[in-house]
Amino acid sequence: MASRAARLSPARLNGAVLKGASAAVLNGAAIRRLGLVLIPALAMFGVGLWGLERGTMWRDEAVTFEVAQRSLPQIWQLLHNVDAVHGLYYLLMHFVLGGNPGEVALRLPSVCAAAVTAGLVAAIGARLARPRVGLWAGLLYAATPMAGYYAQEGRSYAMVAAGAALATLILLHAVHAAAHARVRWWSAYGAVVALTALLHELSILLLLAHAVTLLVSRVPRRVWCGWGCAAAAAVLALLPLALASIDQSGQVAWLTAPDGADAEHLLRAFAGPDQLVLAVHLLLAAVALRAPLPRVGGDRAVTDAAPTRGGAAASRVRVPSARAGGTAARTSPARYGGLSLNAVAVPLVLLPPAVLFAVSQYWPLYDARYVLFALAGAPLLAAAGAERVASYVGLTVRTRSRAHGRADSRGRANSRSSRTSTGGSSRTSTSRSSAASSSVASRSSGASRNSRRTATTRGTAPRGSAAAQDKTPARNKTAARDETAARRRAAAQVRVRACAGAAAGVLAVVAGFCWQLPLHRHDRTAGHRPDDLGAMAAVAARLLRPGDPVLFLPSAGRRTAEAYPKDFQGAYDVALKARGRDSGTLYGLEEGPEELWRRLAMLDHVWVLAESAALRPAWSPKSPTERAKLAALQQGFVPQAEFERPWGVLRLYVRRPAEPVGAQPGPVYPQQSAPMGP
């Protein structure tokens with residue numbers, strides 16, 4: 001019985017209640033954090049699914065589609081000759097497309113990766129600032145046209161962006177990890193950076209951005225040691241791929257040195273192509289840089305950025321005043337080496353593109369899609385600026401409401417005092433007339449009071465004293481209940497204001513998305529991609545007959561037939577010697593000039609699928625086989641029919657009349673157009 005009473009003692013019972021309440025609060029916080037990540041992720045997933053199947057693929061997607069359907073030995077053979085930089089991505093897509101290849105399956109991994117990136121951006125913003133900052137940042141990422149564009153592309157860039165965002169979030173945890181967890185966090189960081197770099201080697205520039213983040217945050221030596229070991233391991237893992245890609249550098253020979261137009265294009269891609277959206281985004285980023293949010297210490301922000309009157313800070317972190325857009329302080333002391341949102345976002349959004357710009361002036365490597373992973377820093381800055389603006393607006397509104405409340409209370413007090421002074425003169429005569437009677441009554445009651453005091457002194461309690469004593473705890477309980485109710489009302493008002501502010505930010509992001517809706521729609525059309533292989537394949541399916549000879553000019557045009565083999569079924573590839581999957585190449589091996597001349601000499605007609613670049617007079621191929629194709633067409637054939645699309649043309653050539661061959665004359669097709677020389 002005694003042990004049971006001890007278990008049910010008030011102290012232990014209160015402790016159990018407190019533990020249960022703490023667990024409930026933690027569960028509620030976990031649910032809120034999960035919702036904070038899921039909302040932007042689901043928004044990005046919906047944007048990615050919108051218009052996912054366009055009915056066509058462009059050239060790079062066609063390469064992914066064809067290579068991923070090869071066997072693992074064939075993919076390994078290919079990587080020794082070309083596209084080693086995309087080897088890990090091809091391996092992943094091999095298992096994705098193995099069951100049901102198609103456009104949706106080709107692009108769905110990018111959609112999922114973009115959704116993960118939006119959720120990670122939200123998690124980063126919530127950890128570096130406030131939950132609503134993370135929510136706004138994640139939604140801004142989902143609303144950015146550039147993110148939606150690459151979410152619907154069957155290439156590795158959306159996955160690279162997800163890996164970079166995940167590495168950044170792990171970095172935030174690793175910096176403040178406890179001693180027993182540091183090795184685990186830094187190992188995870190190094191592994192994620194290495195895998196991201198293996199998906200695309202230029203993403204290793206993320207390490208430079210993180211190094212600057214740690215430098216400006218003045219982290220302790222132990223953080224530098226952990227980060228250095230993880231970064232070195234990632235670089236060593238990337239080294240074999242970097243050496244192999246140097247030998248295959250001819251694949252990027254088409255790139256040129258970037259200029260001011262490329263810089264402006266990247267700025268608009270990150271901040272918004274529309275003028276109004278661009279201006280608002282840059283203004284918010286400027287506010288974030290002018291009045292940076294406080295640093296992070298441990299598992300939460302050191303300062304909760306709660307607006308107070310006058311903007312006075314309650315911690316040792318320097319918080320901008322309300323005049324500077326500021327918020328201030330419900331907080332704990334700042335910890336050494338804390339990370340601020342600006343210290344993370346600014347290097348991330350600026351350094352990788354800037355370094356790649358500088359290097360590309362001497363060794364052209366820049367393309368906007370190669371730095372997609374840096375996009376995550378832009379919505380973080382914009383959300384931080386929006387937080388400052390919202391805090392300043394809320395502070396202004398509350399200050400004015402308090403001023404109006406004080407003015408109303410003063411007015412009510414003045415009205416009561418005026419009513420009291422007006423009624424005082426009428427009560428003066430009455431009080432004077434009753435003074436004499438009251439004095440008599442007081443003298444007559446004096447004796448009774450003295451008798452009661454004597455009785456009290458002798459130990460006889462006056463009637464009603466016990467009730468007076470019993471009323472004191474009751475009054476205390478009532479006051480406690482009133483105080484608790486007041487606190488709950490105040491907390492509810494704070495929650496309502498916070499939810500209203502977060503909802504206002506969400507509505508602003510939705511409005512920005514709707515404003516850019518025409519751009520999003522245009523991104524989901526085939527005309528906004530570099531080319532449209534599906535359109536050319538549809539023309540070929542309508543015109544080619546079984547056994548018709550086809551010549552691809554240049555040989556890379558064969559990717560159309562590789563992506564849509566049914567549309568070219570039964571056609572005779574004149575120049576082909578070995579298919580790509582059998583030769584370890586992307587587009588197959590072609591015969592030499594002599595064999596090509598011999599084959600063309602046996603034909604009375606040939607279909608030529610030519611890309612736009614091959615039709616330009618200035619096109620001068622380096623390959624002897626490509627030059628032999630042009631010479632044979634110019635000398636032995638004349639164009640008879642042409643079916644043009646924006647990114648290429650399918651043209652019918654027939655034998656010149658002066659040079660007949662023993663074969664039957666070629667077929668005559670309708671819809672003839674003016675002949676164009678090759």
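Helix α11 (residues 206-217) and helix α12 (residues 221-247) pack at about 175°, and their axes run 12 Å apart. Here axes are lines fitted to C-alpha atoms, for helices over the stretch in contact, and angles go from 0 to 180 degrees between N-to-C directions. Helices (H or I, at least four residues) and strands (E, at least two) are DSSP runs, numbered from the N terminus. The pair α11 and α12 is therefore roughly antiparallel; that label goes to angles over 145 degrees, with under 35 being roughly parallel, 65 to 115 roughly perpendicular and the rest oblique. On the α11 side the contact (heavy atoms within 4.5 Å) uses Leu207, His210, Ala211, Leu214 and Leu215, and α12 brings in Val223, Trp224, Trp227, Ala231 and Val235. Sorted by class, that makes nine nonpolar residues, one polar and no charged ones. For this count, Ala, Val, Leu, Ile, Met, Phe, Trp, Tyr, Cys and Pro are nonpolar, Asp, Glu, Lys and Arg are charged, and the others, Gly among them, are polar.

All of this comes from a predicted model, in which local features need pLDDT of at least 70 and side-chain atom pairs count only at pLDDT 80 or more, while totals for chains, interfaces and linings use all residues. Residues are numbered from 1 along each chain as its sequence is written, and side-chain values use heavy atoms, with hydrogens and water left out.

In the loop between α11 and α12 sits Arg218. This residue has a positive phi of about 55° without being a glycine. Arg218 is exposed, at 54% relative accessible area; exposed means over 50%, buried means under 20%, and partly exposed is in between (1.4 Å probe, protein chains only). Asp83 is another non-glycine residue with a positive phi, this one about 60°. Asp83 is found in the loop between α4 (72-79) and α5, and its relative accessibility of 5% puts it in the buried class. For background, most residues other than glycine have a negative phi, and most peptide bonds are trans. On the peptide-bond side, Leu553 and Pro554 are joined by a cis bond, with omega at about -5°. Pro554 belongs to the loop between β3 (549-553) and α20 (558-563).

Back to helix packing: α5 (residues 87-96) meets α6 (residues 103-128) at about 125°, with 10 Å between the axes. The two helices are therefore oblique to each other. Tyr89, Met93 and Val96 of α5 make the contact with Ala105, Leu106 and Pro109 of α6. That contact has six nonpolar residues, no polar ones and no charged ones.

Tyr89 turns up again in the surroundings of Ser156. Leaving out residues up to four places away in sequence, Ser156 touches His86, Tyr89 and Leu199. Ser156 itself lies in the loop between α8 (145-151) and α9 (157-175) and is buried, with a relative accessible area of 0%.

Two further loop residues are worth a look. Leu375, in the loop between α15 (341-360) and α16 (377-457), is buried at 0% relative accessibility. Its C-alpha atom is 6.0 Å from that of Val349, and the two are 26 residues apart in sequence. Setting aside neighbours within four places in sequence, Leu375 is in contact with Tyr141, Thr144, Met146, Ala147, Ala269 and Phe270.

Gln516 is in the loop between α17 (465-515) and α18 (517-523). Gln516 is also buried, with a relative accessible area of 5%. Beyond residues up to four places away in sequence, Gln516 touches Ala143, Pro145, Gly272, Pro273, Asp274 and Val277. Val277 is 239 residues away along the chain, yet the two C-alpha atoms are separated by 8.3 Å.

Across the chain there are 23 helices and nine strands. Of its 678 residues, 45% count as buried. Among contacts with a separation of 6 or more, 78% are between residues 24 or more positions apart. The chain exposes about 34300 Å², with carbon and sulfur atoms supplying 62% of that area. Accessible areas come from the Shrake-Rupley method with a 1.4 Å probe, and for residues only the protein chains shown count as cover.
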